[in-house]
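Here is a quick tour for someone meeting this structure for the first time. Take a look at the sequence and the model, then read on.

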Amino acid sequence: MVEVRARIKIKDADDTPTLREERVPTQQELRKIFMCGDLRARCACVLLAHSGLRIETLGNYEGTDGLRVKDFPEMKIENGEVIFEKIPTIVVVRRELSKGGHQYFTFLSEEGCGYLKDYLESRLKEGEKLTPNSPILTPKAAPKPFIRSTNIGDIIRNAIRKAGFKWRPYVLRAYFDTQLMLAESKGLVLRDYRQFWMGHKGDIENRYTTNKCKLPEDIIEDMREAYKRSQEYLHTTKVGKTNEEELRQAFRKQLLLVAGFTQSEIDKMDVSEISDEELQTIIRKRLLGEKTNDCVQKVVSTDEVEKYLEQGWEYVATLPNKRVIIKMNA
């Protein structure tokens, strides 16, 4: 018997045609995926997309372990309500759930905390008692408390398919990495932080492991602030406002009040959506004497104020260039 050994070359043996066109979703597409899933699916999706977790962290292959309530140390449950003491909130990935075999932590965004809160509170309303060891994701009907990783993948995949996409579930973890790379390019977050949150080994991981899974409080808070600054690249909705935006809107509302608009009129306006040019036009029309049901306002020079006050006009505010706003009640 003659045995002939030869290497057989197969063309494109390493090619992956199903993945060739795969890309990470945009923020709008991710929003669509979130909305196409139920509360549980939405929670699973956001933990991958906004925390960079692996599916096996949410639930292992055998369904014997997974992410638990105690892995959210800044989350507490009181009187049927889920409360986050700090947002973004820390998510601890225990050594047993880490692909690299080491413990690390990441963060969950403000939007993600909202989805997690909705899901857990829905379980509380159904009579479930949540303890520190309770799983974050549970099967609807199964003998085991945790969902197996293959089933979690199916849950996420179904939401992606309903949204009209053919991507794999792991594309959501790639979204986390890609969006934080964009934030890194803007100087919002350090590369070492991003790598640590994804469970990759590096300088911070070495320090964290050497110090028995502890980091100085100032470093943790700096990481939290960096994540918070980067949230705009992760969020699919506008959640919260920066201090600068709040001050800007408060200033705009104050200008409208000075111009003679009532609080009820201002409440009906979407001040954040009005352009600077539109705001100037609105204020100019009111200041130049546009009549309302309550009063007529006009702008006069400081030299003319006394004359108008004698005629029954009332002082409203002083403007630059020696101009004054006065009004006459109807």
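Predicted model: local features only at pLDDT ≥ 70, side-chain atom pairs only at ≥ 80, totals over all residues.

Arg 252 counts as buried, at 4% relative accessibility; buried here means under 20% relative accessible area, exposed means over 50%, and partly exposed is in between, using a 1.4 Å probe and protein chains only. You'll find Arg 252 in helix 11, residues 243–258. Helices are DSSP runs of H or I with at least four residues, strands are runs of E with at least two, and both are numbered from the N terminus. Leaving out residues up to four places away in sequence, Arg 252 touches Val 271, Ile 274, Ser 275, Asp 276 and Leu 279, where a contact means heavy atoms within 4.5 Å.

Gln 179 in helix 7 (residues 171–185) is buried too, at 8% relative accessibility. Setting aside residues up to four places away in sequence, Gln 179 touches Gln 27, Tyr 233 and Leu 234.

## What kind of model this is

Residues are numbered from 1 along each chain as its sequence is written, and side-chain values use heavy atoms, with hydrogens and water left out.

## The chain as a whole

The protein chain has 14 helices and seven strands. Of its 330 residues, 42% count as buried. Take the contacts between residues at least 6 apart in sequence: 61% of them join residues at least 24 apart.

Helix 13 covers residues 276–287, which is 12 residues. From first C-alpha to last it reaches 16 Å, close to the 16 Å expected at 1.5 Å a residue; the expected span is 1.5 Å times one less than the number of residues.

Which residues of helix 13 are buried? They are Leu 279, Ile 283, Arg 286 and Leu 287. Seen down the axis, these buried residues fall within an arc of 95°, so they line one face of helix 13. That arc is taken from the directions running from the helix axis to the C-beta atoms. On the face turned away from the buried side, helix 13 carries the exposed residues Glu 277 and Lys 285.

## Helices 2 and 3

Two packed helices are described by the angle between their axes and the distance between the axes. For helix 2 (residues 27–35) and helix 3 (residues 39–49), the axes come within 8 Å and cross at roughly 150°. That makes helix 2 roughly antiparallel to helix 3. The axes are lines fitted to C-alpha atoms over the stretch in contact, with angles from 0 to 180 degrees between N-to-C directions; under 35 degrees is roughly parallel, over 145 roughly antiparallel, 65 to 115 roughly perpendicular, and the rest oblique.

Leu 30, Ile 33, Phe 34 and Met 35 in helix 2 meet Arg 42, Cys 45, Val 46 and Ala 49 in helix 3.

## A hairpin and a cis proline

Strand 1 and strand 2 run antiparallel and are joined by four bridges; strands pair if DSSP finds at least two bridges between them. One of the bridge pairings links Met 75 to Phe 84 in strand 2. The two strands form a hairpin with two residues between them.

The peptide bond from Ile 87 to Pro 88 is cis, with omega near 0°. Most residues other than glycine have a negative phi, and most peptide bonds are trans.
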